[in-house]
Amino acid sequence: MFIKICGVTNEEDALVAVGMGADAVGFNFVPGSPRQISPRLARDIVRRLPGGIVTVGVFRNELAERVVQVMDGAGLRLAQLHGNETAADSRWIAERVPGLIKAFVAGDPNVERVRDYGASVLMLDGSEPGSGRVFDWRQLEGRDRGIRLLLAGGLRPSNVAQAIEIVRPWGVDAASGVESEPGRKDVLKMREFIANANDAGALYDDTDEVQMPGSAPYDWRDD
């Protein structure tokens with residue numbers, strides 16, 4: 001089970017998340033977000049993380065050139081596009097970064113053409129990303145998506161195991177569900193979330209083995 005802790009704003013939270021077993025940490029570059037971080041600070045944190053950790057830059061309706069600029073400058077591995085980016089812009093970005101996560105609100109018809117966006121990972125979120133509200137996971141039950149699914153939207157320690165049981169995703173993503181306040185992570189919540197996700201993943205996860213850029217020669221666009 002691939003586990004991403006998103007909305008990291010400081011080095012301490014990043015290191016604690018990784019130390020507890022998170023596979024990835026996400027940095028939010030969306031203007032106005034309570035979890036927004038500067039590219040310079042993200043770069044400084046990334047330089048202190050152990051090798052093999054997947055670092056993700058989160059963008060929403062940002063200029064394609066700016067996405068690539070920030071990704072390169074901060075040394076990030078995956079770009080996560082969380083807005084209404086066009087398939088053409090997404091593909092342009094995907095060709096210039098190690099890998100791309102394309103996020104959609106659950107139920108968006110464009111999910112069916114996620115491959116047109118150049119994505120190697122599909123993220124499904126609730127209708128209000130970052131709000132901590134869940135959506136009806138049953139609409140995803142038993143669906144063969146043909147692409148890695150990263151489940152988000154209101155996941156927290158108390159519900160992540162149930163979400164994994166119903167959806168059987170490749171990975172899970174938490175931000176507000178493991179916070180003490182917006183932009184600050186809660187150590188106990190992170191520990192419980194990661195432990196519960198791993199336990200559930202061991203029971204239900206029948207997807208491919210997690211492979212992470214940097215830990216071995218691997219191109220996320222080849223799947």
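Which residue lies over the face of Phe 104? Lys 102 does, at 4.4 Å from the ring centre. Such a charge counts as sitting over a ring if NZ of Lys or CZ of Arg is within 6 Å of the ring centre and within 35 degrees of the ring normal.

Before we go on, a word about the model. This is a predicted model, in which local features need pLDDT of at least 70, side-chain atom pairs count only at pLDDT 80 or more, and totals for chains, interfaces and linings use all residues. Residues are numbered from 1 along each chain as its sequence is written, and side-chain values use heavy atoms, with hydrogens and water left out.

**Aromatic pairs**

A search of the whole structure finds 3 aromatic pairs. Rings of Phe, Tyr and Trp (its six-membered ring) pair if their centres lie within 6.5 Å; planes under 30 degrees apart count as stacked, over 60 as edge-to-face and the rest as tilted. Two of these pairs, in numbers:

| Pair | Centres apart | Angle of planes | Kind |
|---|---|---|---|
| Phe 29 and Phe 59 | 5.3 Å | 25° | stacked |
| Phe 104 and Tyr 117 | 5.3 Å | 85° | edge-to-face |

Phe 29 lies in the loop between strand S2 (24–28) and helix H2 (39–46), and Phe 59 in strand S3 (residues 54–59), so this pair ties together parts that are 30 residues apart in sequence. Helices (H or I, at least four residues) and strands (E, at least two) are DSSP runs, numbered from the N terminus. Phe 29 is buried, with a relative accessible area of 8%, and Phe 59 is buried with 2%. Here buried means under 20% relative accessible area, exposed over 50%, and partly exposed in between (1.4 Å probe, protein chains only).

Phe 104, from the opening question, is buried too, at 6% relative accessibility.

**Helix H6**

Which residues of H6 are buried? They are Met 190, Phe 193, Ile 194, Ala 197, Ala 200 and Gly 201. Seen down the axis of H6, the buried residues fall within an arc of 140° (taken from the directions from the axis to the C-beta atoms), so they line one face of the helix. On the other side of H6, Leu 188, Asp 199, Ala 202 and Leu 203 are exposed.

**Confidence**

The predictor's confidence in each residue is its pLDDT, from 0 to 100. For the protein chain the mean pLDDT is 87, and 83% of its residues reach 70 or more.
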